[in-house]
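Please read it alongside the sequence and the coordinates.

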Amino acid sequence: MAAPVLSAEQIEEETRLRETLANIKHVIIVLSGKGGVGKSTVSSNLAEALSMSGFQVGIMDLDITGPNIPKMFHVEDEKLLVENDKLIPVQVPPSLKLMSMAFLLPSKDDAVMWRGPVKMGAVRQFIEDVNWGSLDYLVIDMPPGTGDEALSIVQLIPRADGAVIVTTPQDVALLDSRKSVTFAAQTGIPVIGIVENMSGFVCPHCGETIDIFKSGGGEATAKDIGVQFLGKVPLEPGVVASGDNGMPIVVANPESASAKAFQKIAEKVINTIENEQKYLEEQRKKAQEKNQ
């Protein structure tokens with residue numbers, strides 16, 4: 001079957017897309033099978049932890065209808081600049097760049113009531129018309145679920161290094177995390193690993209850990225389906241407060257249990273991408289075999 005003939009406009013779009021991605025060394029997609037598991041919290045702390053490790057990092061908030069990442073960095077009132085027909089991401093010290101639909105809305109209260117094609121047009125513009133400069137890592141905070149939006153996004157980024165899948169320990173979330181693994185396999189993206197978020201509540205008064213949402217389910221699921229377990233992040237009041245105050249917990253309280261968990265997760269992600277290409281190739285091969 002002959003390849004489809006692209007129009008001049010489509011060729012120009014593809015060229016801009018390749019040029020943008022060429023300056024980005026590694027792309028990490030953060031997925032969750034359902035909403036409410038803390039995917040954006042994981043994305044923001046992972047990106048910040050990578051930035052604190054000395055890397056040039058970008059974070060792309062692609063949850064079009066619920067863009068929360070700017071709030072987590074206290075830059076929700078910023079406006080985007082345009083230079084040479086390119087959008088300039090908002091800068092977050094020390095070396096983090098941020099792009100979000102929230103920056104393009106007239107008001108924080110405006111609802112995004114777009115149909116799929118319009119959303120994907122905005123996503124494509126975020127990727128190809130943004131001057132990210134040279135990045136070591138681009139962390140993409142995906143919309144929840146494995147539907148049309150997620151599929152369209154990963155098809156725009158065919159060379160993503162891998163996916164980080166976020167779940168909570170209870171069974172209903174674990175079921176959806178398995179769907180995210182299947183989604184990654186069917187789209188040819190290797191799974192870097194699974195993060196178990198909200199894994200035990202740490203009492204701020206006595207320090208005792210209470211398993212409100214159970215514990216260990218994410219680790220067991222990772223073992224069962226043969227992917228890496230990246231770590232458990234406890235449920236701490238400080239994580240909520242730091243997110244609301246626009247400072248991820250890895251910055252606000254680096255000695256907290258949650259911050260240390262995120263730091264270890266970032267270390268595992270770095271090690272996997274930088275040093276364990278064999279693991280990622282095995283995951284990619286598994287994905288290809290499932291699609292045959």
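## Strand pairing and burial

In strand 8, I165 is the bridge partner of L31. This is a predicted model, in which local features need pLDDT of at least 70 and side-chain atom pairs count only at pLDDT 80 or more, while totals for chains, interfaces and linings use all residues. Residues are numbered from 1 along each chain as its sequence is written, and side-chain values use heavy atoms, with hydrogens and water left out.

The protein has 11 helices and 11 strands, where helices (H or I, at least four residues) and strands (E, at least two) are DSSP runs numbered from the N terminus. Two strands are said to pair if DSSP finds at least two bridges between them. By that criterion strand 1 (residues 24-31) pairs with strand 8 in the parallel sense over four bridges, and strand 8 in turn pairs with strand 9 in the parallel sense over five bridges. In strand 9, E196 is the bridge partner of T167.

Strand 8 (residues 162-167) is mostly covered, with six of its six residues buried; buried here means under 20% relative accessible area, exposed means over 50%, and partly exposed lies in between (1.4 Å probe, protein chains only). In a regular strand the side chains alternate between the two faces of the sheet. In strand 8, G162, V164 and V166 point one way and A163, I165 and T167 the other way, and all are buried.

Strand 2 (residues 57-61) is largely enclosed by the rest of the structure, because five of its five residues are buried. On one side of strand 2 are V57, I59 and D61, on the other G58 and M60, and all of these are buried, so that both faces are covered. Strand 2 runs parallel to strand 6 (residues 96-100), to which five bridges join it, and M99 in strand 6 is the bridge partner of M60. Five bridges also join strand 2 to strand 7 (residues 135-141), again in parallel, and there D141 is the bridge partner of D61.

For the protein as a whole, buried residues make up 52% of the 292 residues. Contact means heavy atoms within 4.5 Å, and of the contacts with a separation of 6 or more, 78% are between residues 24 or more positions apart.

## The largest pocket

Rolling a probe the size of a water molecule over the atoms shows where empty space is left. A pocket is defined on a 1 Å grid over the protein atoms alone, as an open set of points where a 1.4 Å probe fits, with protein on both sides within 12 Å along at least five of seven lines; lining residues have an atom within 4 Å of a point. Grid points are joined across faces, edges and corners, and a volume is the space filled by probe spheres set on the points.

The largest pocket has a volume of about 430 Å³. Its lining comprises 29 residues, of which G38, K39, S40, T41 and M72 lie nearest its centre. The elements giving two or more residues to this lining are helix 2 (39-52), helix 3 (69-72), strand 9 (191-202), strand 11 (229-235) and helix 8 (237-244).

## Selected residues

| Residue | Relative accessibility | Class |
|---|---|---|
| S258 | 0% | buried |
| D129 | 15% | buried |
| K34 | 29% | partly exposed |
| S134 | 57% | exposed |

S258 is found in helix 10 (residues 257-275), and its side chain is joined to that of E236 by a polar contact of 2.6 Å. A polar contact is a pair of N or O atoms within 3.5 Å; within protein, one must be able to donate a hydrogen and the other to accept it, and residues adjacent in sequence count only if both atoms are side-chain atoms. Neighbours within four places in sequence aside, S258 is in contact with V233, P234, E236, V239 and I249.

D129 is found in the loop between helix 4 and strand 7, and beyond its neighbours within four places in sequence it is in contact with R16, K86, L87 and R124.

K34 lies in the loop between strand 1 and helix 2, and its C-alpha atom is separated by 9.2 Å from that of V166, 132 residues apart along the chain.
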